[in-house]
Amino acid sequence: MAKDLGYGDGYDVSFFGEEFGAGRLIQIISDSTLLACMSMVPKSNSRVIVLYLKVVSLTSSQVGNDSSDPEYCCSEDDDSSDPDFEDSDYAQSDEEIDLLKKDDKWLEGYVDHSCTDNDPNAEENDESDNGEESPTLTCPNSFSSEDEAVGELRRKKNRMPKSEDFRPEVDMANPSFKPGLKFATAEIFRKAVRIYSINCGRELIFMNNDRNKIRVVCEEGCPFVIHSLSVSGSTYLQAKTFNPTHVCSKGSKNIHATASWLAERYSGQLRLNPNWTASSFAEQVYQDYGYRPSRATVYRARVMAVDIVEGSYSKQYEVLWDYCHELRTRNLGSIVIIKSEMEGDRPRFQRIYICLVACKKGFLDGCRPVVCLDGCHVKGPHPEQVLSAMGVYANNGMFPLAYAYVENESNSTWLWFLELLSGDLNIRNSQGYVFMTDKQKGLIDVVDALFPHAEHRHCLKHLYGNFYLEHRGLALQHQMEATARATTVPWFHAEMRKMLELSKPAHDWLAEKDPRHWSRAYFKTDPKCDMLMNNLCEAFNHSIMDVRDKPVLTMLERIRLYIMLLMAGRRVFCEKWDGQVGPRIRKILEKNKGKAQWCIPKAAGQNRFEVMHHSGRNFAVDLNAHSCSCRAWDLNGIPCLHACAAISWFHGNPEDFCDVVYKKEAYLRAYEPMIMPMTSQDQWMKINLAPLLPPKYHKQPGT
Ligand SMILES: [Zn+2]
Ligand SMILES: [Zn+2]
């Protein structure tokens with residue numbers, strides 16, 4: 001077609017479809033899109049169509065049939081590349097993204113609650129020694145016998161000048177020496193020397209095994225030396241002499257590069273990549289340090305690393321009872337439930353469900369009765385799933401409600417999760433509730449069975465994902481979206497007819513799907529929520545992305561901390577609102593007010609108006625009932641363009657006509673409850689229950 005217009009190959013031809021596709025460019029890829037384009041132009045003496053040409057490397061027909069649609073990506077993990085299909089009315093606002101970034105910064109400095117000293121009295125000692133120094137908990141790099149030494153160090157640190165102490169948890173990765181530097185024990189000193197030796201590429205030698213005096217030298221003739229002496233009356237060792245100069249050259253092997261060092265050094269990478277081959281592991285070591293460890297060493301290191309990783313994962317299950325007790329005690333009224341099965345005399349972990357009382361109260365008092373559900377994978381030696389339930393708060397953003405850690409996503413886990421949630425929310429009759437789910441078959445069945453009177457929406461993005469398998473092309477995508485966005489039943493049918501003109505198979509596919517699950521025309525008006533997509537759960541999944549490979553307790557605590565900071569931040573955020581409603585709602589109102597200039601309101605009396613749109617269509621607006629015949633206002637509770645036109649007739653403020661669910665008061669009710677600060681493991685009460693075993697290994701689909 002571009003060729004016919006004199007442009008040659010390599011151009012996309014599009015037209016601007018105001019009515020046809022929610023006001024965006026629609027590419028002409030077939031005769032039917034061209035006909036649809038023509039039919040849009042008003043019939044008059046002079047017919048003008050503005051066509052847009054875009055340079056592409058492929059011809060337009062190739063673009064239309066391309067199997068990978070760059071505009072649309074429906075993979076679970078990468079949802080960032082489809083701006084066209086976002087439900088922009090329900091997303092994180094810029095302010096909130098800033099807020100979350102700030103949260104991320106707070107989280108960066110976050111110290112793992114699960115890693116504690118072996119010495120339970122360390123905290124008290126610290127405080128009695130020096131009340132003003134706040135105790136710092138740090139996560140030791142290893143789980144070796146040095147934990148003991150760290151505890152020792154902590155008890156003594158207030159008596160020693162801090163700047164001259166070697167801090168294993170910080171300095172061990174890249175140790176350096178200077179005269180006067182103190183080491184808590186001889187073992188820490190030796191380990192620091194061994195790692196220093198590996199890092200500098202020289203095989204350093206310990207000259208004596210005396211606890212009170214250690215001398216470290218390089219090969220014969222090299223002036224390098226570290227000389228250290230014990231500090232009398234303590235386990236401390238202090239460096240006295242340090243000459244870092246080498247005249248020797250780097251070696252290609254190192255006696256200190258042992259399997260246990262390799263295991264400790266690379267356990268993090270091995271955890272992320274359990275299928276790392278021995279040869280590429282050895283290659284990595286060579287690139288990092290210039291040594292090529294033997295095959296046997298690599299194998300031993302891998303076995304040891306697995307033990308380190310799994311040990312740290314399994315260890316966290318053992319204290320899960322204590323964690324739950326502490327969580328419940330600090331957040332009275334929260335529901336925290338562990339499901340386990342007995343194996344001999346030890347219980348084996350199966351699932352955990354957490355609904356914090358602040359989330360529950362905030363949801364019931366300040367959010368709409370809308371629950372979005374989704375699950376996401378957890379990596380690591382015990383691959384599991386995090387199931388989550390999200391609400392929608394006044395500014396159309398994500399409100400965390402409950403989450404669970406389960407073995408997989410199935411009928412039985414969703415049933416377990418939703419039965420608990422239903423009990424928490426006290427849902428006796430699901431009438432009035434809306435549940436938003438993705439495409440998981442198990443979940444859809446469970447929601448239908450458990451909440452038969454609720455409205456059950458299927459995420460449009462996932463529905464399109466299935467549609468796309470058989471019916472491709474931008475025109476079809478836009479037509480499907482336009483059909484879902486139509487707010488009245490007659491308009492819905494009109495859009496379906498347009499779909500039929502574009503493609504009969506696509507129309508028939510869509511006609512089979514119950515429109516009550518995906519079309520606004522069939523959504524109920526009570527919940528004041530016209531959400532089509534499950535963006536909110538995706539926002540939550542995204543926010544826990546970087547903790548998904550962490551051990552169970554670390555992950556649960558990071559989620560709780562994230563929610564705590566989110567709620568605290570948003571409580572403050574509300575003070576910056578200019579009017580009665582949040583920034584995202586204001587934006588929608590501004591858009592509607594802008595479009596209202598194309599309308600002429602005619603007052604009928606008693607706050608009722610007949611609003612004439614320039615397209616020739618008339619709308620009946622009732623300001624008392626917050627209703628317009630286009631149904632948009634009824635659906636989401638925000639005055640539509642016709643209502644805005646009517647309100648402007650008497651110079652009213654559209655914000656006054658927004659539903660109460662969007663007002664500041666509702667927002668504050670949602671964020672008033674507080675998630676209480678949590679303590680670290682050393683302060684938890686020990687629950688007299690047999691420690692939990694880690695869950696059985698469950699292979700996750702698609703991993
Ligand atoms: Zn040397
Ligand atoms: Zn309207």
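Tutor: We begin with a definition: a residue is buried when its relative accessible area is under 20%, and exposed when that value is over 50%. The model is predicted. By that definition, both H246 and C248 are buried.

Student: What share of the residues in the chain is buried?

Tutor: The chain has 703 residues, and its secondary structure comes to 24 helices and 19 strands. Among contacts with a separation of 6 or more, 64% join residues 24 or more positions apart. The share of buried residues in the chain is 53%.

Student: Which residues coordinate the zinc ion (ligand 1), and what is the geometry of the site?

Tutor: The donors are C218 (SG), C222 (SG), H246 (ND1) and C248 (SG), at 2.1 to 2.3 Å. Along the chain these donors follow the spacing C-x3-C-x23-H-x1-C. Four donors count as tetrahedral if all angles lie between 85 and 135 degrees. The angles among the four donor atoms here are 102 to 117 degrees, so the site of the zinc ion (ligand 1) is tetrahedral.

Student: Is H227 buried or exposed?

Tutor: H227 is found in strand β7, residues 225-230. Leaving aside neighbours within four places in sequence, H227 is in contact with K213, I214, R215, Q238, A239, K240 and T241. The relative accessible area of H227 is 19%, and the limit is under 20%, so H227 is buried.

Student: How far apart in space are H227 and F242, C-alpha to C-alpha?

Tutor: In sequence, H227 and F242 are 15 residues apart. Their C-alpha to C-alpha distance in space is 6.5 Å.

Student: What is the geometry at the zinc ion (ligand 2)?

Tutor: This zinc ion is coordinated by C628 (SG), C630 (SG), C640 (SG) and H642 (ND1), at 2.0 to 2.3 Å. In sequence the donor residues are spaced C-x1-C-x9-C-x1-H. With angles of 107 to 111 degrees among the four donor atoms, the site of the zinc ion (ligand 2) is tetrahedral.

Student: What distance separates the C-alpha atoms of C630 and H642?

Tutor: C630 is buried, with a relative accessible area of 4%, and H642 is buried, also with 4%. Not counting residues up to four places away in sequence, C630 touches T487, T488, W491, F619, C640 and H642. C630 and H642 are twelve residues apart along the chain, and their C-alpha atoms are separated by 8.4 Å.

Student: Which feature does UniProt place at residues 619-651?

Tutor: In the model, this span is 42% helix and 18% strand. The end C-alpha atoms of residues 619-651 lie 19 Å apart. The UniProt record, an unreviewed entry, gives this span the feature "domain: SWIM-type".

Student: What is phi of N396, and what is phi of R631?

Tutor: Most residues other than glycine have a negative phi. N396 is found in the loop between β12 (384-392) and β13 (398-406), and N396 counts as buried at 1% relative accessibility. R631 has its place in the loop between β19 and α22. Both values are positive in a residue other than glycine: phi of N396 is near 60 degrees, and phi of R631 is near 70 degrees.

Terms used: Residues numbered from 1 in each chain as written. Chains lettered and ligands numbered in written order. Predicted model: local features only at pLDDT ≥ 70, side-chain atom pairs only at ≥ 80, totals over all residues. Heavy atoms only, no water. Donors = N, O, S within 2.8 Å, 3.2 Å for Na, K, Ca; no water. Tetrahedral: all angles 85-135°; square planar, octahedral: opposite > 155°, others 65-115°. Buried < 20%, exposed > 50% of the residue type's maximum accessible area, 1.4 Å probe, protein only. UniProt positions renumbered as here; feature names shortened; annotations may be inferred. Helix = DSSP H or I, 4+ residues; strand = E, 2+ residues; numbered from the N terminus. Contact = heavy atoms within 4.5 Å.
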